[in-house]
Every structure is written in structure tokens, then in C-alpha cells.
Amino acid sequence: APRGGRPEFHLALSGGSSPLPLLRALRETSGMPWAQTHLWLVDERCVAVDDPASNFGLLLRELVQPLGGLFVRSHLHGFPVALPGACAEEGVLEYERELRSHLEKGYLDYVVLGVGTDGHIASVFPSPEAPPPSLHWAALTRAPQPHDTPAAVRMTMTMPVLKEATAVSLLVLGSRKQEVLTTLSKHLPDDSGELSGLPVAWLLSRRQGGLRRRTQWFVDHDAFPGCGSS
């Protein structure tokens with residue numbers, strides 16, 4: 001429901017190293033309607049909040065705590081990994097219920113996703129085929145090697161809720177992302193079968209009912225050395 005005459009804004013963020021510069025920039029941004037903003041995690045490892053691998057802990061340290069009273073703490077929505085037995089189907093269902101209860105419009109306003117070296121997004125990992133259509137907004141997944149440490153079991157938002165977002169930003173940063181970015185740039189325009197195993201392609205693919213709204217790419221020179229060259 002609107003607060004103070006302004007609509008709520010639902011922002012979902014990735015964890016890991018890719019969004020760190022964004023989180024630090026956000027906390028310095030003037031005019032951001034923090035009192036109306038809800039923060040969601042797109043995925044989480046099944047670890048304690050004080051574990052260095054916790055996405056929730058990262059969000060607390062790098063954004064929420066520095067914002068202080070500007071942000072309403074009840075608007076911070078983390079996966080319930082700390083509850084006993086939460087990293088099971090019941091925990092996933094609890095997060096889905098929370099999502100649905102707050103997203104009266106039926107979609108997130110903005111999603112920020114890092115793209116992994118293997119093309120994974122959130123905690124949706126490569127597989128020979130795209131996952132079958134699902135009505136669920138959250139799922140329990142298991143990270144393959146080399147992502148299986150420190151926590152293989154993850155909770156994640158699913159493709160349906162990510163695809164319905166009003167806007168999505170994809171962060172492709174660092175030299176280790178060159179290979180996946182090259183593959184995407186060569187084959188994404190024609191929706192090639194070369195991309196069939198990559199979750200980021202499932203998100204964008206017209207064949208897979210990809211994003212219906214706006215997509216932005218943030219790519220640095222290390223990930224795409226030819227960017228900006230003549």
C-alpha cells in the first residue's frame with residue numbers, strides 16, 4: 001500500500017562481489033525514496049547471517065546499516081535461512097508467501113542480477129535444458145562445483161518472478177566474465193541453441209518467454225576489452 005502518498009518501490013538485489021560498487025553508490029544517492037523502498041534478495045546461501053558468504057549480511061553491512069534511519073528495517077526481506085529447518089521446502093514457501101503478500105502489482109519494480117562465469121543468475125545454475133514452466137516464485141537449489149563452497153544449498157527467486165520485473169540490470173564485471181559475455185554477444189541476437197544451457201539466456205530468450213520489459217547491461221572493460229575501442 002502507498003505510504004505518505006508515494007507508491008512503494010520493490011528492489012531485488014544480488015549478493016556476491018558484483019553488486020558491491022552499486023550498493024555503495026546507492027547509499028550515497030540523494031533523492032532515493034528509502035522510506036517507500038522494500039529490499040529483497042534474489043538468492044541466498046544457507047548460512048548464518050554473520051557468515052562472510054551471507055548475502056543478507058552483505059546487504060546489512062554495505063547498505064542498510066549505513067542508511068540508518070532513512071530505511072525502514074521492516075522493509076528488508078531476507079530468505080528465512082536462519083530458522084530451524086528453513087533450508088527446506090517450507091522455507092521457500094514462506095519466502096514466496098512474503099513476496100506475494102507485498103507485491104500487490106504482481107511484479108518487482110527493479111532487479112539487479114550479477115552474471116556468473118558460467119552464465120548463472122541468482123542461484124539458477126546451468127543445465128542441459130531450461131527448467132520447466134513453474135508457478136512458484138522461489139525455489140531450493142544446489143550449486144554445482146565450483147560454487148559448492150561454502151554452501152551448496154541455496155534459496156532463489158525463480159525465472160517467472162525475475163522475467164516479470166519492470167526493469168532488470170545485468171552486471172558483467174571482471175576478466176573472468178569475458179568468455180560468457182563473448183558467447184552472449186555472438187548468439188543472443190538470433191536466440192541460438194548455443195545458449196540453451198545458460199540461465200542468463202533463459203531470462204532473455206524470446207523462445208523462453210524472456211523479459212517483457214526494460215533490460216540494462218553494465219559491463220566493464222575487463223569483461224569486454226573491446227568495449228569503447230575504435
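Predicted model: local features only at pLDDT ≥ 70, side-chain atom pairs only at ≥ 80, totals over all residues.

Trainee: Which residues of β8 lie on one side and which on the other, and are they buried or exposed?

Mentor: On one side sit A167, S169 and L171, and on the other V168, L170 and V172. All of them are buried, and both faces of β8 are covered. Buried means under 20% relative accessible area, exposed over 50%, and partly exposed in between (1.4 Å probe, protein chains only).

Trainee: What is the average pLDDT of the protein chain?

Mentor: The average is 85, and 84% of the residues score at least 70. pLDDT is the predictor's confidence in each residue, from 0 to 100. Confidence is lowest in α5, at a mean of 86, and highest in strand β2 (residues 37–41), at 97.

Trainee: What makes something a helix or a strand here?

Mentor: Both are DSSP runs, numbered from the N terminus: helices are H or I with at least four residues, strands are E with at least two. The protein chain has 6 helices and 9 strands.

Trainee: How do you know that β5 and β8 pair?

Mentor: Two strands pair if DSSP finds at least two bridges between them. Strand β5 (residues 110–114) is joined to β8 by 5 bridges, and the two run parallel. So the pair meets the cut-off. Y110 has A167 as its bridge partner in β8.

Trainee: What about strand β9 (residues 214–219) and β8?

Mentor: They pair in the parallel sense over 6 bridges. The bridge partner of L171 in β9 is F218.

Trainee: What is the strand order of the open sheet?

Mentor: The 6 strands run β4-β2-β1-β5-β8-β9, with parallel pairing.

Trainee: Why is one side of β4 and of β9 left without a neighbour in the sheet?

Mentor: β4 (76–77) and β9 stand at the edges and each has a single partner strand, so one side of each is left without a neighbour in the sheet.

Trainee: Why do the buried residues of α5 line one face?

Mentor: Helix α5 covers residues 178–187, and its buried residues are V180, L181 and L184. Seen down the axis, they fall within an arc of 100°, so they line one face of the helix. The arc is that of the directions from the helix axis to the C-beta atoms. The face turned away carries the exposed residues E179 and K186.

Trainee: What covers the buried residues of α5?

Mentor: The cover includes β8, α6 (199–204) and β9. Contact means heavy atoms within 4.5 Å.

Trainee: How far apart are D222 and K177?

Mentor: They are 45 residues apart in sequence and 8.2 Å apart in space, C-alpha to C-alpha.

Terms used. Residues numbered from 1 in each chain as written. Heavy atoms only, no water.
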